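User: Hi! I am new to reading protein structures and would like to go through one with you, step by step.

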Amino acid sequence: MPKAIEIENFSYGYPDDTVALSDITLSVEHGQRLALIGPNGAGKSTLLLAMAGFVKGTGKVLIEGLQISRKNLKKVRTTIGSCLENPDDQLFMPRLFDDVAFGPLNMGLEAEQVKLRVANALQTVGLTELSDKAPHHLSAGQKRAAAIATILSMAPKIITLDEPDGSLDPRNRNNLIKLLGSLPQTLIIATCDMNFAAALADRAVLLDKGRIIADGDAKKIMSDSKLMSEHGLEVPHKMK
Ligand SMILES: Nc1ncnc2c1ncn2[C@@H]1O[C@H](COP(=O)(O)OP(=O)(O)OP(=O)(O)O)[C@@H](O)[C@H]1O
Ligand SMILES: [Mg+2]
């Protein structure tokens, strides 16, 4: 069976010549929960974008054995769902219901199936009662949850989340940890918050300046105080 994600010697520079990723080689097994950690500007968001073909560099990116190309982008994005860094980039319909229905409708599902998917996704993230609300009127934390629902409704096998813990109060952060911890999907979670990462991940990949610095057991990497401080991060409270 092919790996969930296979990245080989991938490099990417933005049009203004910023080298965001250099020679990334990484493979992710099905069911793994991987924390992508690193300081601001390390390349975390860019790597998540590359995993779903939103940026195209040199080298290979394979999703379930399928190398991403322009032709198979639609299929790739039904396998890997990306929760973007800014939830506003994912919410653009007049009603929350329509945003969560957008993916399943696009996949060609029947109206009844779509309704069921939306109801389940909204219930999972605790937003059932806000189904008719305008997404741009949601609070920042509710927008995070809504963006996650737009991905869950497509039932992808792999989910990437870019700083999903941003703007959440402690209760909702804990709820999000519980929610993500209960999902059967392969998860790749980018965050600079080591406490959040430690609560969820079994594996950590440390990125800095576009390169992989460390890759391995989450506890081992995050409890290494020298490594953490060298890269602008901190050891999670529970590991101190
Ligand atoms: N659209 C863009 N155009 C040019 N450079 C960019 C663009 N987006 C990101 N970069 C640059 O690419 C590098 C990696 O950025 P990226 O957003 O991937 O980092 P990050 O690890 O997600 O950081 P953060 O923790 O701040 O979200 C940075 O040097 C950044 O300035
Ligand atoms: Mg980022």
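User: Within what distance do the axes of H3 and helix H5 come, and at roughly what angle do they cross?

Analyst: Good place to start! This is a predicted model, in which local features need pLDDT of at least 70, side-chain atom pairs count only at pLDDT 80 or more, and totals for chains, interfaces and linings use all residues. Residues are numbered from 1 along each chain as its sequence is written, while chains are lettered from A and ligands numbered from 1 in the order in which they are written. Helices (H or I, at least four residues) and strands (E, at least two) are DSSP runs, numbered from the N terminus. Axes are lines fitted to C-alpha atoms, for helices over the stretch in contact, and angles run from 0 to 180 degrees between N-to-C directions. Here, the axes of H3 and H5 (residues 140-152) come within 7 Å and cross at roughly 35 degrees.

User: Which residues of H3 and H5 meet?

Analyst: Two residues are in contact if their C-beta atoms, placed from the backbone, lie within 7 Å. From H3, Leu-96, Asp-99, Val-100, Phe-102 and Gly-103 meet Ala-146, Ala-149 and Thr-150 of H5. That contact divides into 5 nonpolar, 2 polar and 1 charged. In this scheme, Ala, Val, Leu, Ile, Met, Phe, Trp, Tyr, Cys and Pro count as nonpolar, Asp, Glu, Lys and Arg as charged, and the others, Gly among them, as polar.

User: Is the crossing of H3 and H4 left-handed or right-handed?

Analyst: A crossing is left-handed if the near helix is turned anticlockwise from the far one by less than a right angle, and right-handed if clockwise. The H3 and H4 crossing is right-handed. The axes of H3 (residues 96-106) and H4 (residues 111-125) come within 9 Å and cross at roughly 125 degrees, and H3 and H4 are therefore oblique to each other. For that word, angles under 35 degrees count as roughly parallel, over 145 as roughly antiparallel, 65 to 115 as roughly perpendicular and the rest as oblique. Among the residues that meet are Phe-97 and Val-100 in H3, and Val-114 and Arg-117 in H4.

User: How do H4 and H5 cross, and which residues meet there?

Analyst: The axes of H4 and H5 come within 9 Å, crossing at roughly 145 degrees, again in a right-handed way. Ala-121, Leu-122, Thr-124 and Val-125 of H4 meet Ala-145, Ile-148, Ala-149 and Leu-152 of H5. Here the contact residues divide into 7 nonpolar, 1 polar and no charged.

User: Now the sheets: what is the strand order in the open sheet of 6 strands?

Analyst: Two strands pair if DSSP finds at least two bridges between them. The order is E6-E7-E8-E3-E9-E10, with mixed pairing. Strands E6 (80-83) and E10 (211-217) stand at the edges, each with a single partner strand, so one side of each has no neighbour in the sheet. From one strand to the next, the twist averages 15 degrees. Inside this order, E3 (residues 33-37) and E8 (residues 186-191) pair in the parallel sense over 5 bridges, and Ile-37 stands opposite Thr-191 in E8.

User: Which strands are at the edges of the sheet of 4 strands?

Analyst: That open sheet has the order E2-E1-E4-E5, with antiparallel pairing. Its edge strands are E2 (19-28) and E5 (66-67), each pairing on one side only. H1 packs on the sheet, touching E1 (5-13), E2 and E4, and the direction of H1 makes about 60 degrees with that of E2.

User: Last one: how many residues surround ligand 1?

Analyst: A residue is near a molecule if its C-beta atom, placed from the backbone, lies within 6 Å of it. The shell around ligand 1 has 13 residues, and the closest are Tyr-14, Asn-40, Lys-44, Ser-45 and Thr-46. Helix H1 (residues 44-51) gives the most to this shell, with 3 residues. The shell divides into 4 nonpolar, 7 polar and 2 charged.
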